[in-house]
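Have a look at the model first, then read on.

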Amino acid sequence: MGYDFFAFMDRMKYIKRWQLMRSVRDENIMEHSQQVAMFAHALAVINNKVFGGNADPAKAVLYAVYHECSEVMTGDMPTPIKYFNQSILGAYKDLEDKACEKLLCTVPAELQSEFAACIKPDTSSCEYAFMKAADRLAAYVKCLEELRCGNKEFVKAEKSIKKDLLSRKMPEVEYFFENFIESFNLSLDELDGMA
């Protein structure tokens, strides 16, 4: 008997983000998760090297890799709908939990505890907090990309996501903004120093 877990994960590339907005470039949850993993790693490393923390960067990365995995069964619920009220949010969280449980049944029993630690992470950990902030950073970078291409559809989203990120009062996020965000507004030639 075969197990379906990685076939389900492979389907992440078919789940589009930002469905209610016109985008210059479509984004799927597989590529999004990879970017969130990079940003979560960066925030954990910043925590350790700049602020003397003791985060586990590998754990932050794993949380990020799997943070959207339930969407292979549920699809991507647009943020304005998901957070419209507590009743909808609660029902959606329940649906996500059920999807995660179903996914865990698609790996052999002897592997389930390892995957459960990634798919259903410790939400009280600093690594989880870094992953959640990284998720918002990735959304912010998407807004910058769309705005750079002249898509005004993302003006309000950029402002509200930036406000949300900075209101978290996470020094790691502030450090990331101060040192890395500006470069996302540059062209390849500008990044390469040719312009």
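Contact here means heavy atoms within 4.5 Å. Keep in mind that the model is predicted.

With that cut-off in hand, take Gln35, which sits in helix α2. Setting aside neighbours within four places in sequence, Gln35 is in contact with Glu27, Ala138 and Val141. Is Gln35 buried or exposed? Its relative accessibility is 17%, and buried means under 20%, so Gln35 counts as buried.

Now for the greasy interior. In soluble globular proteins, nonpolar side chains tend to be buried together. The largest nonpolar core here has 34 residues, and Leu43, Leu137, Ile161, Phe176 and Ile181 touch the most other members.

| Helix | Residues spanned |
|---|---|
| α2 | 29–49 |

The top contributor is α8, with 12 residues. As for Ile161, leaving out neighbours within four places in sequence, its contacts are Trp18, Arg136, Ala139, Tyr140 and Cys143. Another core lies apart from the largest one: it has 15 residues, including Phe5, Tyr66, Cys100 and Ile119.

Leu20 belongs to the loop between α1 (5–10) and α2 (29–49). Why does Leu20 count as exposed? Exposed means over 50% relative accessible area, and Leu20 has 54%, so it qualifies.

Conventions
Residues are numbered from 1 along each chain as its sequence is written. This is a predicted model: local features need pLDDT of at least 70, side-chain atom pairs count only at pLDDT 80 or more; totals for chains, interfaces and linings use all residues. Side-chain values use heavy atoms; hydrogens and water are left out. Helices (H or I, at least four residues) and strands (E, at least two) are DSSP runs, numbered from the N terminus. Buried means under 20% relative accessible area, exposed over 50%, partly exposed in between (1.4 Å probe, protein chains only). A nonpolar core is a set of buried Ala, Val, Leu, Ile, Met, Phe, Trp, Tyr and Cys residues joined through side-chain atoms within 4.5 Å.
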